[in-house]
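Hi,

Here is the structure I promised to send over.

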Amino acid sequence: MQHSDPEITIVGGGLVGLSVALGLLSAGRRVRVLDGADGDARASQGNFGLIWGQGKGWNFAPYANWTMDALAAWPVFARQLKELSGIDVALDQSGGYEFFTDSAEMAGFAAQLEQQAAHLNDRASFEILTGDDLRSQLGGIGPEVVGASFSPRDGHVNPLRFLRALRCSVHALGGCVTMGATVSTITPQPDGGFLLTLANGQSLGAEIVVLCAGLGSTALARGLGFETQVRPQRGELLITEKLGDRLPFLSSTIRQVDEGGIQIGGTKAETGMDDSESLDVMAGLARHAVTVFPALEGVRVVRAWGALRVMSPDGYPVYAKSAAHPGAFLVTCHSGVTLAPLHASVLAEWILNTSPTPDMEAFDERRFALSHAA
Amino acid sequence: MSVASRFRTLPDTGDCVQFYLDDLPVTAPAGVTLAAALLAHSGDWTRQTAQGAPRTAFCMMGICFDCLVEVDGTPNTQACMTPVREGMVVRRQLGLRSLNGGEHD
Amino acid sequence: MTDVDLIVIGAGPAGMSAAAVAARSGLRVLMLDEQPQAGGQIYRNVAQNQGRRSWLGTAYAQGAGLVEALEHPNIELLSGATVWKVDKGPRVTWSRGGASQTSSAAHVLLATGAQERPVPFPGWTLPGVMPAGAAQILMKTAGMLPQNAVLAGSGPLLYLVAAQMIDAGCAPQALVETQTTRGLLGAMRHLPRAMFGAATLLKGLGLIAKIRRAGVPRYTAASDFRATAERNGDIRFSFRVAAEARSLNCGLLLTHQGVVPGTHITRAAGIAHSWNKDQGAYQPECDRWGATNQPGLHIAGDGAGIGGAEAAAAAGELTALNILRQLGKCDADARDQRAASPRAALFRARAIRPFLDAAYAPPAEFHAPADDTIVCRCEEVSAGAVRQAIGEGPHGHRQIKTSLRCGMGPCQGRMCDATLRGLLSAEAKGNHPITPPRARSPIKPIALGEMAALSLIKEDPA
């Protein structure tokens, strides 16, 4: 399948880059995705697969609404992926819990949920459950759990099948995904457009460049006139042997993959680019799991790993158009799973400027400059 | 288990133990691994995979995880790393383990 | 024991000789071994077999000396201890009897040895198909003799197991060998060097002569392995010899294509690895004393590259001498002086390796097997599925693993990494360098309750 010069080049073949590619291809554009090396920091291969709204954007209304739009768009999006790729991403949006072992922490989170609900008008719905309520609803919850919040809109997918489904869907729409194509430099051309050089010495031209390279974006973004600097934040995870029966709940820290394994995670650490797994955190995650659901005690961990979240300065997505170099876009966020349906639709319209997209301005990187000035 | 053992066990003068495989008593020499005892007893499968394929002990050194059986209520136990003991209750596994041990259905 | 000078992981020839040398020079040594008795796989159960099972041979019986040398007041041997994490420090975490604990020492020796190279072909997952080395473990530990067995593949171990079976009165039905005359001729250029290990060569020729005398039929240059199950549980083994289709019915099909370093623990410990193209395997990088790029972590024995038991024992001794120097127990001159004898032994033991590696190199069909072969035994992923996923763009271990879950089961890739690399290498046609797959802890599965009990800081991860 040879393409005559794709007009749009997307740098980064993770969840974000492939979602954006899918949207642009659906809009009839010719798209090429350049993906890096096998060993790159790949948040898309180390994440938790949540499609999650609870608490998101409690102090930033545009993000609260953007997330809620994404949750609503997932069922159609999952069907679209299935049609294009033949892969079922195991979408399950039957609700999720946040468990607490500390009452003060729970009260703090409940207050955040109130604020989030205020941003969302009638679109939010959540419950706060005491420990006893929770235990009567869900057998097997440990005695140290003081309570939980529950949102019926939260859910999850199988994140690895989702990544593969996106890649295959992009192929199905005629997109070209080149893997092992690390981009070294992007140079704006005097007459418009960009020249990309790859680590293997190859060079490629592009009319439009969309940077979706996660932690690899920062170095390339500077030369295109962007200011945003993303930073790595390590999360550690455990995965257990597979179980034939189903865990009776989904939570933000304990979930069962559709294939049967229990994934446990949710830690945050500032450790630079070090993505190793650490004994203390592994033990802490295991303790959390058996505290919440003691029956997990005898289930074996088969693998632990660290993965690096892609964090903007305020933690919210950045969708920016370069003022200095029209045709260059920056797309970065740490919720590449949850927001994917919008990245594959609304964001394409924003890049192509084909329809008014009211709230996108709020996600521009100028907000960092404003907060510095203030 | 109708398949005859694929091994001939040399006579040994040492002690024997009796364990239970799917509720039936089996005798084995003391000091051998459970995997050895199972292979000496029968040439048949000792677990079925999630897709229903028959498997039995394979590497005998603890790295392939094909010898997984339920031992005294603990599923996914490596038979090749477990010494056989008097009175041990062993069950073959069909498909994935369940949360509380045993098979999920 | 909390404060030791050296932690040795693995009680095979390398670990045992290192522990003995270190202990005799005054170091306090903690030895962790996963099996119930010291000896490693090569000398498995050797102390218990003294005076019986003489058909296992004299080379095997000699291992008893190494086990006896562990009887030293400075050595604490913990059998049944499974190491599941090795951290910088170095710090070692292991599980024993359902509880885990952690120990630190200035030096840690990873002497965890080799595993048999997986030999994938259609039907290799059936009960009745087994690695030849696994059958040998049953012979050593339980006096169990393979009945009505066919030995298939190539390499010295195949001949050794056949000879042991003959001596035990249970000769194999046939040997189906994959090595070719052309391969043997190609290996001849390594013969002059191999003469330094003439004793090993002669031993090998003796094994082959024994097999011939016993009248065991031998097929060579065999290819296209395939196994199916008969109604009575027997294995129907089909293969080709010189374009002619053959098949044999047997109770056991014992396969072998040599051994490779078990690198899961060394990769998870952050040690650099490189591809050894002569041995067709990844191996950790270390200097001539076994020191690695991770401070305090050393490697000796087959885990550092295949050399056999005698090479492993010599390498263990060399590593121990270097650790003694690093701890100030001797100076460099004394170390080098004491090293002369084990270094000569190492040279002799390794001399034959290039010949063996070339003569018994695994054929392409086991690197990149037929589409209907299960590659990942845990997750039941076929070679055809791997080829399809590679066709979607991925060109590295990690991308294939995440596409298919290949290597994500309890064995964590020990049974499929080599095949995955073979398929990637065959499909990529050299367009992308293939980097070693990442290994993570726990090195063996550990129950959540056991891991939780180790919790050092009480911290809610939410």
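Below are my notes, going from the chain contacts to the cores and then to some local details.

Housekeeping first: residues are numbered from 1 along each chain as its sequence is written, and chains are lettered from A and ligands numbered from 1 in the order in which they are written. This is a predicted model, so local features need pLDDT of at least 70 and side-chain atom pairs count only at pLDDT 80 or more, while totals for chains, interfaces and linings use all residues.

**Where the chains touch**

Let's start with A and C. Here 44 residues of chain A are in contact with 35 residues of chain C (in contact means that the C-beta atoms of two residues, placed from the backbone, lie within 7 Å). On the chain A side, at least two residues each come from strand E4 (96-100), helix H5 (159-172), strand E13 (231-242), helix H7 (279-292) and strand E16 (300-311). Those labels are DSSP runs numbered from the N terminus: helices are H or I with at least four residues, strands are E with at least two. H7(A) gives the largest share of that side, eleven residues. By class, the side of chain A that touches chain C has 19 nonpolar, 13 polar and twelve charged residues. For that tally, Ala, Val, Leu, Ile, Met, Phe, Trp, Tyr, Cys and Pro are nonpolar, Asp, Glu, Lys and Arg are charged, and the others, Gly among them, are polar.

There is strand pairing across this contact too: E16(A) and strand E23 (residues 446-447) of chain C pair in the antiparallel sense over two bridges (to pair, two strands need at least two bridges found by DSSP). A:Arg300 has C:Ala447 as its bridge partner in E23(C).

Now C and B: 32 residues of chain C are in contact with 32 residues of chain B. Strand E8 (129-131), helix H4 (132-142) and strand E9 (144-146) of chain C each supply at least two residues of the side that touches chain B, and the largest share, five residues, is from H4(C). That side of chain C divides into 17 nonpolar, eleven polar and four charged residues. Strand E1 (residues 7-9) of chain B runs antiparallel to E9(C), joined by three bridges, with B:Arg8 partnered by C:Leu145.

**The cores**

The largest nonpolar core has 205 residues, and those with the most contacts inside it are A:Ala286, C:Ala19, C:Ala22, C:Val29, C:Leu138 and C:Val386. Helix H10 (residues 309-326) of chain C gives the most to this core, with eleven residues. By nonpolar core I mean a set of buried Ala, Val, Leu, Ile, Met, Phe, Trp, Tyr and Cys residues joined through C-beta atoms within 7 Å. Buried means 20 or more other C-beta atoms within 10 Å of a residue's own, exposed means 12 or fewer, and partly exposed is in between, with C-beta atoms placed from the backbone. Leaving aside neighbours within four places in sequence, the contacts of C:Val386 include C:Val375, C:Ile400 and C:Leu423.

Strand E1 (residues 4-9) of chain C is mostly covered, with six of its six residues buried. E1(C) pairs in the parallel sense with strand E6 (residues 99-110) of chain C over five bridges, and four bridges join E1(C) to strand E2 (residues 29-33) of chain C, also parallel.

**A kinked helix**

Helix H2 (residues 61-85) of chain A has a kink of about 45° at A:Trp74, shortly before the proline A:Pro75 (the bend is the angle between axes fitted to the seven residues ending there and the seven starting there). Among the buried residues of H2(A) are A:Trp66, A:Trp74 and A:Phe77. After H2(A) comes A:Gly86, with a positive phi near 80°.

Two peptide bonds to check in the viewer:
- C:Gly89 to C:Pro90 is cis, with omega near -15°.
- C:Ser441 to C:Pro442 is cis as well, with omega about -5°.

A:Asn121 has a positive phi of about 50° although it is not a glycine. Is A:Asn121 buried or exposed? It counts as exposed, because it has 9 C-beta neighbours inside 10 Å.

Cheers
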